Amino acid sequence: MGPGLSTSKQAQSFIRNILENIHDNIPVVIDADALNTIATNKIEFTDMGSNKDITITPHVGEMSRLSGISKKTIESNRVQVAKEYAHKQGINVVLKGPATVIATQSGEVFISPWINSGLSKAGSGDVLAGLIAGLNAQTGFSSLQACITGVYIHGLAGEYSRRKYGARSMRVLNIVDELSNAFKNVENIH
């Protein structure tokens with residue numbers, strides 16, 4: 001929930017309604033405008049109940065708005081900020097950026113091996129959020145597995161795009177086009 005929604009009053013009402021009425025243990029992935037709405041309205045994930053299965057996918061700016069911590073402080077303490085916020089709010093945090101950080105409410109931390117400035121293009125995070133949500137919807141994937149797999153596949157597709165087009169020239173649709181190759185690569189590891 002989030003990419004392309006806008007932060008209009010109608011969108012804010014829609015977001016609040018979904019968050020208040022989502023059934024326990026139904027996975028929800030929150031990104032973009034939904035994160036900005038949550039930050040603007042000072043909504044706490046802890047107010048939604050302890051059995052909510054929520055993953056947020058903020059970039060540093062969104063994380064700053066959510067947490068009230070400066071971008072500079074987040075950049076210099078990415079793992080710690082993600083870990084503390086995930087624990088405090090009872091959610092999974094996928095803090096996008098170089099070596100994306102995945103932090104769980106139980107204190108686990110995973111770090112992506114991919115560092116690719118081409119992944120910072122507008123819309124790339126929307127692809128990541130959609131990928132995690134799609135994996136979450138598949139039988140047998142926990143939210144944590146969806147986060148780890150989604151971040152890895154997204155990064156690998158980004159790496160294929162970087163090799164073909166260069167980090168400066170690659171576009172979001174190049175990443176999308178490489179998702180099938182990334183999935184094939186990972187599936188052939190077995």
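Because the model is predicted, local features are given only at pLDDT of at least 70 and side-chain atom pairs only at pLDDT 80 or more, while totals for chains, interfaces and linings use all residues. Residues are numbered from 1 along each chain as its sequence is written, and side-chain values use heavy atoms, with hydrogens and water left out.

The chain contains 8 helices and 5 strands, where helices (H or I, at least four residues) and strands (E, at least two) are DSSP runs numbered from the N terminus. Along the sequence these elements follow the pattern α-β-α-β-α-α-α-β-β-β-α-α-α. The C-alpha atoms fill a box of roughly 45 × 35 × 35 Å along the principal axes. The radius of gyration of the chain is 16 Å, which agrees with the value near 16 Å for a compact globule because the chain has 190 residues; this radius is taken over C-alpha atoms, and the globule rule is 2.2 Å times the number of residues to the power 0.38. Contacts (heavy atoms within 4.5 Å) also describe the fold: of those with a separation of 6 or more, 58% join residues 24 or more positions apart.

Of the 190 residues, 46% are buried. Here buried means under 20% relative accessible area, exposed over 50%, and partly exposed in between, with a 1.4 Å probe and protein chains only. In soluble globular proteins, nonpolar side chains tend to be buried together. A nonpolar core is accordingly defined as a set of buried Ala, Val, Leu, Ile, Met, Phe, Trp, Tyr and Cys residues joined through side-chain atoms within 4.5 Å. The largest such core has 26 residues, of which Ile30, Phe45, Ile54, Ile56, Tyr85 and Val93 touch the most other members. Two or more residues of this core come from each of helix H1 (9–21), strand E1 (27–30), helix H2 (32–40), strand E2 (53–56), helix H3 (60–67), helix H5 (78–89), strand E3 (92–95) and strand E4 (101–103). A second, separate core of 23 residues includes Val29, Val94, Leu128 and Leu156. Beyond its neighbours within four places in sequence, Ile54 is in contact with Val28, Ile30, Phe45, Met48, Ile91 and Asn92.

Helix H3 is mostly covered, with 6 of its 8 residues buried: Val60, Gly61, Glu62, Met63, Ser64 and Leu66. The cover over these buried residues includes H2, E2, helix H4 (71–76), H5 and E3. After H3 comes glycine 68, whose phi is positive, near 80°. Setting aside residues up to four places away in sequence, threonine 57 touches Val29, Ile30, Asp31, Leu35, Glu62, Val94, Lys96, Ala129 and Ile132.

The largest pocket has a volume of about 460 Å³. On a 1 Å grid over the protein atoms alone, a pocket is an open set of points where a 1.4 Å probe fits, with protein on both sides within 12 Å along at least five of seven lines, and lining residues have an atom within 4 Å of a point. Points are joined across faces, edges and corners, and the volume is the space filled by probe spheres set on them. Of the 26 lining residues, Lys96, Leu119, Ser120, Ser124 and Gly125 are the closest to the centre of the pocket. Helix H6 (124–137) and helix H7 (143–165) are the elements that give two or more residues to the lining, and the largest share, 4 residues, comes from H6. By class, the lining has 9 nonpolar, 12 polar and 5 charged residues; Ala, Val, Leu, Ile, Met, Phe, Trp, Tyr, Cys and Pro count as nonpolar, Asp, Glu, Lys and Arg as charged, and the others, Gly among them, as polar.

Glycine 125 lies in H6 and counts as buried because its relative accessibility is 15%. Apart from neighbours within four places in sequence, glycine 125 is in contact with Asp31 and Lys96. Glycine 125 and alanine 32 are 93 residues apart in sequence, yet their C-alpha atoms are 8.2 Å apart in space.

Lysine 42, with a phi of about 50°, is in the loop between H2 and E2 and counts as exposed at 68% relative accessibility. Alanine 99, with a phi of about 55°, is in the loop between E3 and E4 and counts as buried at 18%.
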